[in-house]
Amino acid sequence: VDQSFQAVSNGELVSLKKNENGTHTWHWRENFPMVAYLISFVVGEFEKVEDSYKDIPVNYWVYKENKKETMRSFGLTTDMMKVFGDLSGIEYPYEKYDQIIVDNFMFGGMENITLTHNTDRTMYDEFAAPDVSSEGLVAHELAHQWYGDMITTRNWENIWLNEGFATFLSRIYRHKKFGQDEGEYIRYGEMQSYFGSNKRWSRPTVCNKYYNPIDLFDGHVYAKGSLILSMMKDVLGKDAFWKAVKHYTQENQYKCVETQDLKKSIEEVTGQNLDWFFKQWLYEAGFPKYDVKWNYLQRNRSVQLKIKQTQKGNPFKMPIKIRIDEKEHEVWVEEKDFIIEIPALKRPEMVVFNSGSLVLSELTFHKQISEWILQLENSPHVLDRISAIDVLKDKKGRRVVELALLKAAESDSFWGVRREAVYALAAHKSKKYAKELMSISYGQDNRVRRAIWFALRNYEKDEQVSTFLQEVIDTDKKYYSVSDAFKALVIVDSSAAKIKVEDLLEIDSHTDVIRRSAISYFGSVKNDRNYNRLKKLVSYGGTTWDARPEAINQLAKYAKEKTKTLDLFVELLGDNTRSVRRNAVRQIGRFGSKNHLDALDELLVKDPILERDIRFAKKNILKPSTELKIDQGKEIEELTKKLDNIRKLLN
């Protein structure tokens with residue numbers, strides 16, 4: 001490569017030779033067994049920031065302009081290496097560990113052996129924190145060096161062994177580093193990710209039926225894979241679980257594995273047969289859905305719980321934590337209908353089923369609103385408080401609920417609970433709490449403040465709210481706060497937003513979040529002038545690379561009344577920027593017809609990375625319309641009548 005470029009690859013650097021023609025030759029060699037899809041190299045202009053773990057070189061390759069941000073993004077890498085070495089029982093298993101950033105990267109990161117590629121969006125300054133952090137991504141890709149690289153799944157159907165372990169260890173590290181509440185809130189996010197994936201495609205985690213291997217890379221293998229390992233730890237006990245993991249890791253070092261290899265290691269170490277666990281969580285689809293009622297039996301001095309499993313198929317067998325006031329009990333639930341009595345000297349104030357949400361499940365718990373409010377106020381576990389919020393979010397029109405949510409938003413000890421409480425209050429669409437929301441925003445974690453800006457969208461044409469949001473936009477240094485405040489202002493006071501939009505279009509920010517927010521104005525306030533402005537912004541060179549895809553999203557709001565917009569989306573399939581092409585594909589999937597299938601197929605040949613988006617778009621185009629279904633129904637009715645008449649004649 002040209003001598004101005006670095007050329008970084010897997011393994012050790014054997015030699016670097018200058019050539020007479022102005023180039024230099026880099027020779028890299030990987031000394032350990034590796035699977036072919038983890039071979040990589042990156043060529044470009046990079047600054048190398050050196051670090052080390054014990055005797056292992058650890059390097060971060062970044063752009064010159066990002067050099068001062070390097071340790072903010074990657075500085076915990078060596079600490080993670082120590083934690084993962086301790087947990088797995090094997091120290092970092094390769095010659096070196098490089099992390100390099102790549103522009104317009106198709107994923108967040110890729111765990112190539114000794115050389116992780118990360119999107120350059122993982123670089124951020126103090127004005128993007130805490131809304132942006134790199135710890136999760138860095139930990140996930142590093143964990144893959146053990147689980148995915150040193151031990152590789154034998155086939156795609158077992159890919160959860162790669163992604164589940166990496167997601168799990170990433171969470172475990174952050175739990176250790178930043179505290180239990182932080183770790184548990186991440187686990188809550190994993191649950192939401194899985195439920196979303198399961199709605200789109202309900203399938204087993206170990207699955208050999210797919211159109212393309214990339215289809216498997218969703219919440220079933222990342223999020224549910226991680227949650228399965230957590231539940232496995234709860235079933236086996238912490239010590240037995242980690243002994244089994246170490247045995248699995250040591251026995252299979254530099255080998256290919258399937259799910260049965262993990263099961264075998266557990267049996268060899270613990271003597272426990274987990275056939276039932278693997279069957280219900282890995283080889284079958286779904287999760288338990290519990291319907292629970294409780295009452296206090298004065299004569300028996302006990303709490304009686306009536307538990308039903310309402311999901312289709314077999315009942316799940318799992319240990320369930322039940323909190324009764326200050327005390328926790330564990331009960332094994334494995335039947336469709338189950339009644340249990342737990343001793344209690346007096347009628348409890350708080351009963352929590354599946355305390356800590358340790359079992360991935362859906363819960364319908366028939367309790368009074370006052371009990372849910374008490375759970376929100378008093379439960380020691382962060383996820384029990386959030387579970388109460390999830391229920392109270394739907395109890396609209398009740399002043400007592402709104403005040404409870406407002407109190408949690410103001411005073412709960414953990415920022416994640418405060419944030420969820422604000423979003424729940426926003427869902428109530430009340431017009432009563434603008435002053436309180438603005439007041440509690442001072443001194444809050446920025447992620448809570450952004451939830452408050454979202455909640456203030458409910459106060460349209462409120463002058464005080466408009467003035468407040470304008471002040472945030474004018475004075476706040478946090479990129480994501482300014483972005484969300486402007487989106488709220490567009491709804492509250494579009495005239496004030498119009499005055500600010502041009503200035504915001506000139507502001508650079510992390511991932512161009514402020515500029516993208518400004519562009520959303522032209523789709524939210526619909527008129528011919530704003531439509532034409534979006535057409536200019538979406539054109540090549542019309543705005544920055546990161547912001548142009550947002551212009552496509554906003555143009556889509558005009559697609560039904562301005563049908564020529566669809567022609568523009570087709571034209572953008574040939575754009576130089578993949579994110580622009582991807583958004584154009586998605587909009588063609590929403591508004592296109594069979595006439596656009598050829599254009600999508602042509603793009604697929606040129607850019608197979610977009611295969612999943614293109615396939616989804618084509619599926620949308622080809623699905624039967626409601627009108628067609630109605631016509632088919634009438635046709636079937638008429639044919640049925642004719643058939644009945646023929647039968648009568650024959651009889």
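How many of the seven residues of strand S14 (residues 318-324) are buried? Six of the seven are buried, where buried means under 20% relative accessible area, exposed over 50% and partly exposed in between, with a 1.4 Å probe and protein chains only, so S14 is largely enclosed by the rest of the structure. The model is predicted, so that local features need pLDDT of at least 70 and side-chain atom pairs count only at pLDDT 80 or more, while totals for chains, interfaces and linings use all residues. Residues are numbered from 1 along each chain as its sequence is written, and side-chain values use heavy atoms, with hydrogens and water left out. Helices (H or I, at least four residues) and strands (E, at least two) are DSSP runs numbered from the N terminus, and two strands pair if DSSP finds at least two bridges between them.

Strand S14 has antiparallel partners. With strand S15 (residues 327-333) it pairs over seven bridges in the antiparallel sense, and methionine 318 stands opposite valine 333 of S15. These two strands form a hairpin with two residues between them, and in that turn aspartate 325 has a positive phi of about 55°. Strand S17 (residues 351-353) is joined to S14 by three bridges, again antiparallel, with valine 352 of S17 as the bridge partner of arginine 323.

Eight bridges link S12 to strand S13 (residues 302-309) in an antiparallel arrangement, in which valine 292 stands opposite isoleucine 307. S12 and S13 form a hairpin with four residues between them, and arginine 301 in its turn has a positive phi of about 50°. S12 also runs parallel to strand S18 (residues 362-366), to which five bridges join it; there, glutamate 362 is the bridge partner of lysine 289.

Most residues other than glycine have a negative phi, and most peptide bonds are trans. Asparagine 104, however, has a positive phi, near 55°, and lies in the loop between strand S7 (97-102) and strand S8 (109-110), where it is partly exposed with a relative accessible area of 35%. Aspartate 512 likewise has a positive phi, near 60°, in the loop between helix H18 (494-504) and helix H19 (513-524), but this residue is buried, with a relative accessible area of 6%. The peptide bond from alanine 129 to proline 130 is cis, with omega near 0°, and proline 130 is found in the loop between strand S9 (115-119) and helix H3 (135-144).

Among the helices, H18 holds lysine 500, which is buried with a relative accessible area of 14%. Leaving aside neighbours within four places in sequence, lysine 500 is in contact (heavy atoms within 4.5 Å) with Gln470, Ile473, Asp474, Phe486 and Leu489. In helix H22 (residues 565-572), the buried residues are Thr565, Leu566, Leu568, Phe569 and Leu572. They cover an arc of only 155° around the axis, taken from the directions from the helix axis to the C-beta atoms, which puts them on the same side of H22. An α-helix has 3.6 residues a turn, so residues three or four places apart point the same way. The cover over the buried residues of H22 includes helix H20 (528-538), helix H21 (548-555) and helix H23 (578-591).

A search of the whole structure finds two cavities of 30 Å³ or more. A cavity is a set of points on a 1 Å grid over the protein atoms alone where a 1.4 Å probe fits but cannot get out, and lining residues have an atom within 4 Å of a point; grid points are joined across faces, edges and corners, and a volume is the space filled by probe spheres set on the points. The largest cavity holds about 40 Å³ of space and is lined by Leu425, Ala426, Ser430, Tyr433, Leu437, Ala455, Asn458 and Tyr459. The second largest cavity has a volume of about 30 Å³, and its lining consists of Arg187, Met191, Leu227, Ser230, Met231, Ser357, Leu358, Val359 and Leu360. Helix H5 (180-200) and helix H6 (223-236) each supply at least two residues of this second lining, to which H6 gives the most, with three residues.

Terms used. On a 1 Å grid over the protein atoms alone, a cavity is a set of points where a 1.4 Å probe fits but cannot get out, and a pocket is an open set with protein on both sides within 12 Å along at least five of seven lines; lining residues have an atom within 4 Å of a point.
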